[in-house]
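Grab a pencil and work through the exercises below. Each one sets a task and then walks through the solution.

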Amino acid sequence: MDLNYLNDLRSAEIDQVLTWFRPVFAGKRVLEIGSGTGIQLDRLSDIAGQLVGLDLADGTYAEAADDRVVTYDGHHIPFADDSFDVVFSSNVLEHIAHRREFQAEIARVLALDGQCVHVLPTHTWKFWTTVASLVLFPKSLVIGAAVTLRDRKWKLPKTGGQLIDLLIGPRHGEFGTRLTEYNHFKPSEWAKVFRETGWKVDAMRPMELFYEGNSVLGSRLGIAQRERLAKVVGSACSLFVLSRQRQSTVDS
């Protein structure tokens with residue numbers, strides 16, 4: 001995926017978050033989990049009182065990260081209890097296989113009256129990503145055949161699984177299969193996970209931005225157009241604002 005295109009999407013997302021929930025971040029101690037290139041840290045830097053990013057040392061965008069981003073092992077957040085007023089993430093939790101256990105770690109570093117703000121993919125994103133994979137399938141086969149002939153190395157699918165990945169796309173996150181992942185991404189399912197792991201859902205709403213995982217149109221479709229399109233075909237992500245339940249019901 002083109003980095004400029006990705007940054008445009010993430011910038012539009014954080015702008016929406018701040019349009020709706022700016023007071024949640026204003027003057028607060030904020031931790032962003034999964035900072036990536038740091039584009040959303042940039043947007044938060046003039047609003048938060050204290051700001052820290054967190055990402056894996058070998059993350060996809062590690063080379064593009066800056067000194068505001070602290071690395072961690074994916075399990076233990078390297079900060080003391082009650083260190084932050086807000087924990088924010090964007091398109092991260094679906095990639096954490098131990099997401100239920102990780103909720104307790106988030107709660108540990110969050111002040112008792114703090115809040116979490118999470119942007120997460122929807123079943124709409126999964127559906128249109130699958131459609132895009134089907135549309136791109138003939139082109140992908142042609143490119144694979146051309147590379148095979150050029151390099152004399154097998155670049156076409158070798159197994160049934162690889163062929164299915166090429167046809168409908170691979171599993172994106174850590175839960176379900178290529179197809180059942182659709183259900184895991186429903187906003188109601190995300191809300192269920194949060195409630196079962198000790199959180200109260202203070203707000204839940206669509207992000208009002210459309211895109212799919214294969215970047216078929218990429219930067220050729222502007223942010224304003226993607227916002228209008230989301231009203232017709234659905235949003236790629238949902239936004240959740242959480243606070244602690246008074247009696248935690250975290251399960252393992």
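Is Trp190 buried or exposed? Trp190 is buried, with a relative accessible area of 1%. Here buried means under 20% relative accessible area, exposed over 50% and partly exposed in between, using a 1.4 Å probe and protein chains only.

Before going on, some ground rules: this is a predicted model, where local features need pLDDT of at least 70, side-chain atom pairs count only at pLDDT 80 or more, and totals for chains, interfaces and linings use all residues. Residues are numbered from 1 along each chain as its sequence is written, and side-chain values use heavy atoms, with hydrogens and water left out.

**Exercise 1. Work out how the rings of Phe25 and Phe88 pair up.**

Step 1: know the rule. Rings of Phe, Tyr and Trp (its six-membered ring) pair if their centres lie within 6.5 Å; planes under 30 degrees apart are stacked, over 60 edge-to-face and the rest tilted.

Step 2: search. The whole structure holds eight aromatic pairs. In one of them, the ring centres of Phe25 and Phe88 sit 6.0 Å apart with planes at 80°, so this pair is edge-to-face.

Step 3: Phe25 belongs to helix H1 and Phe88 to strand S4 (residues 84–90), so the pair ties together parts 63 residues apart in sequence. Helices (H or I, at least four residues) and strands (E, at least two) are DSSP runs, numbered from the N terminus.

**Exercise 2. Now classify Phe185 with Trp190.**

Step 1: the ring centres of Phe185 and Trp190 are 6.2 Å apart and the planes at 10°, so this pair is stacked.

Step 2: check burial. Phe185 is buried too, at 3% relative accessible area.

Step 3: Trp125, Phe185 and Trp190 make up one aromatic cluster.

**Exercise 3. Describe the surroundings of Gln103.**

Step 1: locate Gln103 in helix H3 (residues 99–109). Gln103 is buried, with a relative accessible area of 2%.

Step 2: list the contacts (heavy atoms within 4.5 Å). Leaving aside neighbours within four places in sequence, Gln103 touches Leu93, Phe194, Thr197 and Trp199.

Step 3: A polar atom of the Gln103 side chain lies 3.0 Å from the backbone oxygen of Arg99.

Technical notes:
A polar contact is a pair of N or O atoms within 3.5 Å; within protein, one must be able to donate a hydrogen and the other to accept it, and residues adjacent in sequence count only if both atoms are side-chain atoms.
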